[in-house]
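Please read these points with the model open beside you.

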Amino acid sequence: MPGPHTPHDPYVRVRGAREHNLKGVDVDVPRDVLAVFTGVSGSGKSSLAFGTIYAEAQRRYFESVAPYARRLIHQVGAPKVGEITGLPPAVSLEQRRSAPTSRSSVGTVTNLSNSLRMLFSRAGDYPPGAERLDSDSFSPNTAVGACPECHGLGRVHGTTEQSLVPDPSLSIREGAIAAWPGAWQGKNLRDILDALGHDVDRPWRELPAAEREWILFTDEQPVVTVHPVRDADRIQRPYQGTYMSARRYVLKTFADSRSQTLRAKAERFLVSAPCPACGGSRLRPEAMAVTFAGRTIAELAALPLTGLAAVLDGRGETARVLTEDLKSRIAPVVELGLGYLSLDRATPTLSAGELQRLRLATQLRSGLFGVVYVLDEPSAGLHPADTEALLTVLARLKAAGNSVFVVEHHLDVMRGADWLVDVGPGAGEHGGRVLHSGPVAELAQVEESATARFLFDRTPAGEREVRSPRGWLKVGPVHRHNLRGVTAAFPLGVFTAVTGVSGSGKSTLVGEITAESAGADRLVCVDQKPIGRTPRSNLATYTGLFDVVRKVFAGTDEARERGYGAGRFSFNVAGGRCETCQGEGFVSVELLFLPSTYAPCPDCGGARYNPATLEVTYRGRNIAQVLDLTVESAADFFADTPSAARSLTTLLDVGLGYLRLGQPATELSGGEAQRIKLANELQRARHAHTLYLLDEPTTGLHPADVEVLMRQLHGLVDAGHTVVVVEHDMAVVAGADWVIDLGPGGGDAGGRIVAAGVPQEVAGADAGATARYLARALGTGA
């Protein structure tokens with residue numbers, strides 16, 4: 001075998017990787033293989049694959065870019081690593097989403113919209129005498145194509161009397177116009193109406209229709225002298241008041257206000273409707289007059305991709321070439337289980353897993369070879385039936401002459417790999433070591449590995465007594481997305497799993513359960529959205545633990561002598577924080593042609609507080625040192641502080657002992673954020689019956705972490721609560737009390753309940769894609 005550092009060395013060799021919790025890792029991974037990086041959540045596998053290997057490949061690429069151009073590109077800093085040899089160019093496909101807008105769609109992400117527009121421009125059927133249009137004329141995102149009324153959005157926002165005045169039995173003085181601002185501004189508008197001669201004490205519904213119309217919708221802004229009612233304690237002088245209608249106020253606030261709270265309030269009073277000019281097509285009339293196969297471009301864009309491929313039939317050479325190209329681009333998307341999506345489906349409505357697989361399908365068509373593809377859990381959100389197709393696609397990328405490095409927890413993806421890198425053995429400071437790097441089968445000999453136990457033990461789920469429901473929650477009939485009149489019954493007091501292939505309608509059905517649903521005494525939705533958008537939000541602030549810690553420090557003798565209250569120990573307000581870095585702990589250093597780098601604050605050294613605050617200690621540690629403790633260490637440190645111990649114990653119970661108390665929210669994965677929310681809920685005093693909804697709670701979790709999470713969820717059910725999960729992990733489904741399976745396919749081929757019952761009954765059902773895999777998990781199938 002060629003030795004290291006030779007031109008023909010077939011390995012990517014990493015030496016001395018120290019990114020995040022990696023402990024000087026040395027590892028060799030062969031090129032031109034499907035290599036899976038695995039390990040428990042927080043073990044350091046993403047730090048190795050993305051934070052080190054991909055980051056170094058990107059840094060080397062940017063070194064070849066002209067210095068001036070480099071300034072225009074957002075660059076990541078150099079990873080903490082000794083050296084990496086044998087590293088080809090890399091392409092990253094992460095689940096982290098950018099900030100997609102409503103103009104971003106499946107068509108724009110995959111570039112299929114470009115091909116479809118070209119087809120209509122060059123081979124469409126035009127009305128007699130109509131001029132041939134450029135492809136841009138078929139895009140709602142260009143000035144020449146967008147409907148001038150809705151600017152290419154397809155919908156217009158307005159207000160109605162019902163939205164502005166939800167309770168017409170109230171008078172204006174009693175607050176009938178709910179859309180008006182509160183406090184003085186709302187009182188001012190009421191006084192202006194009174195001065196204009198309107199009856200503000202008469203119930204709204206009794207006012208003349210013309211008067212109601214003017215008050216809510218007029219564009220006039222009359223100025224009138226207002227003589228306010230005198231209060232006993234103060235004199236109010238007359239003033240000139242300008243009237244603004246409720247509609248004008250709502251639209252102005254929604255468009256111009258910088259306050260997220262005010263915009264959110266204004267949005268509640270807006271009603272969205274299809275644009276009257278284009279009917280929701282988003283395009284100008286001249287573009288909508290062109291057809292292909294008897295349909296407009298908007299009609300074709302609304303079809304599921306499987307349906308679109310079926311109607312593309314080219315007549316003539318130009319049409320044949322363009323339709324063949326479109327079909328070849330659609331094929332990999334369908335192959336990855338996304339044939340139920342339509343080109344006009346907005347990107348913000350897609351899951352992170354769907355978005356990543358769309359990008360993966362685009363890469364299949366790119367024809368690149370000799371690169372390293374680094375993928376972040378491509379199986380996320382995939383039903384076992386779709387995972388088989390994913391493995392085929394990954395094998396094709398490899399066969400094209402590429403290396404495929406995948407961060408993954410899915411056991412079937414691991415079994416299909418050529419090479420396995422297992423990082424661990426634990427999470428955080430208990431991980432950061434490579435336990436195994438080699439063929440999959442050899443991991444069985446690694447005793448420290450948490451992965452080996454699940455990968456090689458095929459023992460089916462044992463028999464478990466199924467809980468009996470103590471009532472039912474009925475939902476439906478639901479007419480939304482691909483659900484057409486579906487009615488479902490969810491048992492109360494048990495653990496229910498909702499299953500089905502991607503796009504079958506699971507999340508849509510569960511989304512119909514609301515706080516108003518009969519049987520949902522208290523509803524808690526635990527999702528994977530971030531717990532905060534900035535580094536100032538962290539684990540301690542979200543769980544309320546930071547309040548407890550600050551009070552503990554404020555209660556020390558030293559703090560009392562100095563007159564420090566709890567506010568002194570917050571890094572978010574002036575007083576105790578370091579003012580040089582504003583409590584951030586780091587400062588940005590602009591390096592002109594190199595990527596901006598963050599360096600520890602020169603004054604506080606990253607501690608976030610000023611020296612005087614850091615002089616106050618509790619049990620030998622200052623506030624910065626306490627925030628640097630892991631949850632596990634903090635549980636021992638605060639063992640005799642009940643309010644802190646309760647929060648820390650629940651965080652340990654959901655497997656988050658490796659996180660630091662001050663770990664910024666921006667560094668947490670979706671799975672970690674979801675478990676923090678669950679822990680936050682678990683630490684509350686027990687309420688009456690609560691219905692917990694979780695959408696794919698095992699996404700991003702290693703099987704060992706899934707065990708920990710399931711223990712907590714089943715504990716909630718044992719305590720008398722109800723848990724409903726949307727789930728693809730058949731081990732979780734096998735342990736449920738009730739299963740609702742949707743399908744049989746995705747999109748238009750789904751949207752029906754094909755089976756419902758205890759796991760054994762659903763496993764024996766003839767319809768749906770779940771039965772075969774559930775039977776295998778239960779040990780009753782092949």
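1. Strands β22 (691-695) and β23 (residues 722-726) run parallel and are joined by five bridges. Helices (H or I, at least four residues) and strands (E, at least two) are DSSP runs, numbered from the N terminus. Two strands count as paired if DSSP finds at least two bridges between them. Within this pair, L691 stands opposite T722 of β23.

2. The model is predicted, and local features need pLDDT of at least 70, side-chain atom pairs count only at pLDDT 80 or more, while totals for chains, interfaces and linings use all residues. Residues are numbered from 1 along each chain as its sequence is written, and side-chain values use heavy atoms, with hydrogens and water left out.

3. Which strands make up the open sheet, and in what order? Six strands form it, in the order β17-β22-β23-β16-β24-β25, with mixed pairing. The edges are β17 and β25 (752-757), each of which pairs on one side only. On average, neighbouring strands are turned by 15° against each other, direction ignored.

4. Helix α26 packs on this sheet and touches β17 and β22. The direction of α26 makes about 155° with that of β17. Such axes are lines fitted to C-alpha atoms, for helices over the stretch in contact, and angles run from 0 to 180 degrees between N-to-C directions.

5. The length of α26 (residues 670-682) can be checked: at 1.5 Å a residue, its 13 residues should span 18 Å, and the end C-alpha atoms are 18 Å apart, which agrees. The expected span is 1.5 Å times one less than the number of residues.

6. Is α26 mostly covered or mostly open? The helix is mostly covered, as twelve of its 13 residues are buried. Buried means under 20% relative accessible area, exposed over 50%, and partly exposed in between (1.4 Å probe, protein chains only). Among the buried residues are G671, I676 and L682. Their cover includes β17 (523-526), α19 (539-543), α25 (642-653), β22 and α27 (703-718), where contact means heavy atoms within 4.5 Å.

7. The structure holds zero disulfides. A disulfide is a pair of cysteine sulfur atoms within 2.5 Å. C581 is buried, with a relative accessible area of 5%.

8. The whole structure has 31 salt bridges. A salt bridge is a side-chain nitrogen of Lys or Arg within 4 Å of a carboxyl oxygen of Asp or Glu. In one of them, R60 meets E56 at 2.8 Å, N to O. These two residues are four apart in helix α1 (residues 45-63), so about one helical turn separates them. R60 is partly exposed at 32% relative accessibility, whereas E56 is buried at 7%.

9. E206 and R202 form another salt bridge, at 3.9 Å, N to O. Both count as partly exposed: E206 has 43% relative accessibility and R202 has 33%.

10. D737 and R467 also form a salt bridge, with the closest N and O atoms 2.7 Å apart. This pair links distant parts of the chain, 270 residues apart: D737 lies in the loop between α28 (730-734) and β24 (738-743), and R467 in the loop between α17 (450-456) and β14 (472-480). D737 is buried, with a relative accessible area of 2%. Elsewhere, salt bridges that share partners join D9, R13, R15 and D28 into one network.
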